[in-house]
Amino acid sequence: MKKIALYFSLYGKTKKIAEAKAKDFNADLLVEIKEIKKRSKFNIMTSGKFEAMLQKKSEIEPLDINFDEYGTIIIFMPVWGGNPAPVMNSVIEMIPEGKEVELYMTSSKGESMKSADNTSNEIQKRGSLVTKYVDLKIG
C-alpha cells in the first residue's frame, strides 16, 4: 500500500519534521501544501487563530495528486490556537473515502487534544479512518 505525506509550513519547522518523518515512514511522495493568501506572523496570532478555532478553510494552490494511488495519507499540520491551521482544513476536505490517515500536529506547546475529536470526526465523515493522532512539540 503506497503512502503520501502532505505538509504545510510557514517558517520551515513543520517542513523539517515532515521531511524526516516521511523518510522514516517510507512515504512514496511528500507534497508541500501552499496557501494562496500570504500570512504574516501577526495575522496568524490574530485572525488566523480565530479562523482555526472556527474550522474555517483557506484557499490553497492546486494539487496534482491522484489520491486513489495511495492507501495511507500522512498529514503534518501546524496547530494555531489548539486547532489545525485553516489551510489544513482545506486539505482534510480533499481526503477521499477509504483511506487510512495519520495526523501529526505540530505546535510550540505540543498539544492539540482539544481539537482531536473534531479533526478526526471530519476525516471520518469523509469515509476514512484516522489511525494515528500525534502531537509534536516544535521549538
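This is a predicted model: local features need pLDDT of at least 70, side-chain atom pairs count only at pLDDT 80 or more; totals for chains, interfaces and linings use all residues.
Visitor: Why is Ala-5 called buried?
Guide: Ala-5 has 0% relative accessibility, and buried means under 20%, so the word applies to Ala-5. You will find Ala-5 in strand 1.

Visitor: What surrounds Ala-5, leaving aside its neighbours within four places in sequence?
Guide: Ala-5 is in contact with Ala-22, Ala-27, Leu-29, Leu-30, Val-31, Ile-74 and Phe-76. Take Ala-22 from that list: 17 residues separate it from Ala-5 in sequence, while the two C-alpha atoms are 6.3 Å apart in space.

Visitor: Which residues touch the most other members of the largest nonpolar core?
Guide: They are Leu-6, Ile-33, Ile-73, Ile-75 and Leu-103, out of 29 residues in that core. At least two residues each come from strand 1 (3–7), helix 2, strand 3, helix 3 (86–94), strand 5, helix 4 and strand 6 (129–137). Strand 3 gives the most, five residues. Apart from this core lies another, of eleven residues, including Ala-5, Ile-17, Ala-22 and Leu-136. As background, nonpolar side chains tend to be buried together in soluble globular proteins.

Visitor: What does Leu-6 contact, leaving aside its neighbours within four places in sequence?
Guide: The partners of Leu-6 are Val-31, Ile-33, Ile-65, Phe-67, Ile-73, Ile-74, Ile-75, Phe-76 and Val-91.

Visitor: What makes helix 3 mostly covered?
Guide: Seven of the nine residues in helix 3 are buried. Those seven are Pro-86, Val-87, Met-88, Asn-89, Ser-90, Val-91 and Ile-92. Their cover includes strand 1, helix 2, strand 3, strand 4 (83–84) and helix 4.

Visitor: Glu-35 is a charged residue by class. Is Glu-35 buried or exposed, and how do you know?
Guide: Glu-35 is at 4% relative accessibility. The limit for buried is under 20%, so Glu-35 counts as buried. Its place is in the loop between strand 2 (29–32) and helix 2.

Visitor: What makes the approach of Glu-35 to Ser-58 a polar contact?
Guide: The side chains of Glu-35 and Ser-58 pair at 2.7 Å, and the cut-off is within 3.5 Å for N or O atoms, so the pair qualifies. The side chain of Glu-35 also makes a polar contact with the side chain of Arg-39, at 3.0 Å. Not counting residues up to four places away in sequence, Glu-35 touches Phe-8, Ser-58, Glu-59, Ile-60 and Val-87.

Visitor: How do you know that Tyr-133 and Ser-115 make a polar contact?
Guide: Their side chains are paired at 3.5 Å, and the cut-off is within 3.5 Å, so this pair counts as a polar contact. Tyr-133 is in strand 6. Beyond residues up to four places away in sequence, Tyr-133 touches Leu-103, Met-105, Ser-112, Met-113, Ser-115, Ala-116, Thr-119 and Ser-120. Leu-103 is 30 residues away along the chain, yet the C-alpha atoms of Tyr-133 and Leu-103 are separated by 4.8 Å.

Visitor: Why is Gln-55 called partly exposed?
Guide: Gln-55 has a relative accessible area of 32%. Buried is under 20% and exposed is over 50%, so Gln-55 falls in between. Gln-55 lies in the loop between helix 2 and strand 3.

Visitor: What is the phi of Asn-26, and of Gln-55?
Guide: Asn-26 has a positive phi of about 55° although it is not a glycine. Gln-55, also not a glycine, has a positive phi of about 55°. For context, most residues other than glycine have a negative phi.

Visitor: Which residues are closest to the centre of the largest pocket?
Guide: The pocket holds about 660 Å³ of space. Of its 25 lining residues, Val-79, Trp-80, Thr-106, Ser-107 and Ser-108 are the closest to the centre. Helix 2 supplies the largest share of the lining, four residues. By class, the lining has ten nonpolar, nine polar and six charged residues.

Terms used: Residues are numbered from 1 along each chain as its sequence is written. Side-chain values use heavy atoms; hydrogens and water are left out. On a 1 Å grid over the protein atoms alone, a cavity is a set of points where a 1.4 Å probe fits but cannot get out, and a pocket is an open set with protein on both sides within 12 Å along at least five of seven lines; lining residues have an atom within 4 Å of a point. Grid points are joined across faces, edges and corners, and a volume is the space filled by probe spheres set on the points. A nonpolar core is a set of buried Ala, Val, Leu, Ile, Met, Phe, Trp, Tyr and Cys residues joined through side-chain atoms within 4.5 Å. Buried means under 20% relative accessible area, exposed over 50%, partly exposed in between (1.4 Å probe, protein chains only). Contact means heavy atoms within 4.5 Å. A polar contact is a pair of N or O atoms within 3.5 Å; within protein, one must be able to donate a hydrogen and the other to accept it, and residues adjacent in sequence count only if both atoms are side-chain atoms.
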